[in-house]
Amino acid sequence: MMQRIWVVVLLSVLSLALVLPARGADRPPNIVLILCDDLGWGDVGFNGRKTWDTPNLDAFAKSGTKFNRFYTAAVVCAPSRAALMTGRYSIHNGVVGNGSYDLPASEVTIAAALKQHGYATGLFGKWHAGAPRPGTDHFTHPMDRGFDEFFGFTSAVAAWQKFPKKLWNGREEKPSQGYADTLFTDHTIDFINRHKDEPFFVYVPYITSHGVVQAPEEDIKKLEGKFKEADTQHPVNTIYAAEVERLDKEVARVLKTLDDLKLADNTIVIFTSDHGATFEKLSEYAPIYHDSNYPFRGQKRTLWEGGMRVPGVIRWPGHVPSGVESSDLIHMCDLFPTLLAAIGAQPDPAWHVDGRNMLDVITGKEKAPDRTLYWEWDEGGAKYLAAMRGNLKMIISGDNKPEMYDVVADPAERIDRSEQYAKQVKEMKAGLEEWLSTESDAAKQKKPPKKAKKSGPDQNDL
Ligand SMILES: [Ca+2]
């Protein structure tokens, strides 16, 4: 009898050991998710930028793994952010464009999921996960979507301003003074300080380098005369560079806070962008001058690599290898299940998360699984479809026939190999059609396009 009791006790201890994640730390890791806005692949030193400096980001990239094939889920703000928040493809979560209605209430965000596991959650920056729903003139509030705290923008158009006159602070919009990204960092630091003794998730969607080209004077001054300018009174190329240098300093402040509080070793930090740089008028064409998506073809609102491949770094000391570059294919939707796996949890099957748990991939234990990923972009007259498997990407732009590129050998997508890979084109096309047939009712319910106005924000600039 005594022996049986001991066996039961031993088994209980063993099963408890299996349930508890093996981390060496006495609590699950904190998560800091930094998302930039329209920041191009080539805008950062760790991806080859030499005409301005991002020393802190470069050091950060070396302290973790730099993912060279990190793909966004969508090529404008709202659907990219909605997919990041839900781990679901746009055609499933309903936010397929900036003109789509806000993220449906039935969708579960990563913040809400982490909250279920005892995380304090904060968002400091730009929310923007769709347009206001019919009968309302306001956006879904992040504090209704799993965030305990919020400071920043809900609206995309308001977030064009780098020196906003007002910002949301919790449930209230209040007068604001100062550079938005600096204010977001201030609030992030304050949040981390207040929650240092419990697991926290902080989402920091900075607004660099989207919107009106503006930067703090000291950062512009430092770069004065460095770039050719059409208008020396309004040197947009210099200001754009200054924005990114300022971003570098803001990220450094967040990282320093983790160091000072001795939290860095138990914190996962992710740095990425919502999609590639824009070559449109709102940015005053500075990203064209700087070739911000170099070496890729295309820009925001296209499914060329310049629209969808984004800077991607993950740091988690002792877990994610440091000083390493990875060619594993990571999709933005993977972050949701991967982060849950990192805390020893998993998404509820009822949430139908599309992303894959890539914990063993980001920790360098396994190579990325063989799978085909899909993209759709259809808004404002532009239409693209894409599928990707390994090095091969099939793209259908507008009514053109499918093209096939080896995006590793030919990252600028210049050599169409659709004839050479005719079999794969056929397979990917069939896969795409099957994928598109899974479109949700929410995704089909698009907001009617606004009539063109002579002045005021243009939908195409969001
Ligand atoms: Ca954006």
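Please bear in mind that the structure is a predicted model.

Let me begin with strand β9, residues 267–273. Is this strand buried or exposed? Seven of its seven residues are buried, so the rest of the structure largely encloses β9. In a regular strand, side chains alternate between the two faces of the sheet. In β9, T267, V269, F271 and S273 point one way, while I268, I270 and T272 point the other way. Residues of both sets are buried.

Next, the neighbours of this strand. Strand β1, residues 30–36, runs parallel to β9 and is joined to it by seven bridges. Within that pairing, I34 stands opposite F271 of β9. Strand β10, residues 312–315, runs antiparallel to β9, and four bridges join the two.

I turn now to the domains. The domain assignment of the chain gives domain 1 as 27–368 and domain 2 as 373–445. Their C-alpha centres lie 25 Å apart. To the contact between them, domain 1 contributes 21 residues and domain 2 contributes 20 residues.

Which helices supply at least two residues each to the side of domain 1 that touches domain 2? They are α4, residues 90–93, and α10, residues 305–308. Of the elements on that side, α4 gives the most, with three residues.

Thank you for your attention.

Key:
Residues numbered from 1 in each chain as written. Predicted model: local features only at pLDDT ≥ 70, side-chain atom pairs only at ≥ 80, totals over all residues. Buried ≥ 20, exposed ≤ 12 C-beta atoms within 10 Å, placed from the backbone. Pairing = 2+ DSSP bridges. Domains from an automatic or database assignment. Contact = placed C-beta atoms within 7 Å.
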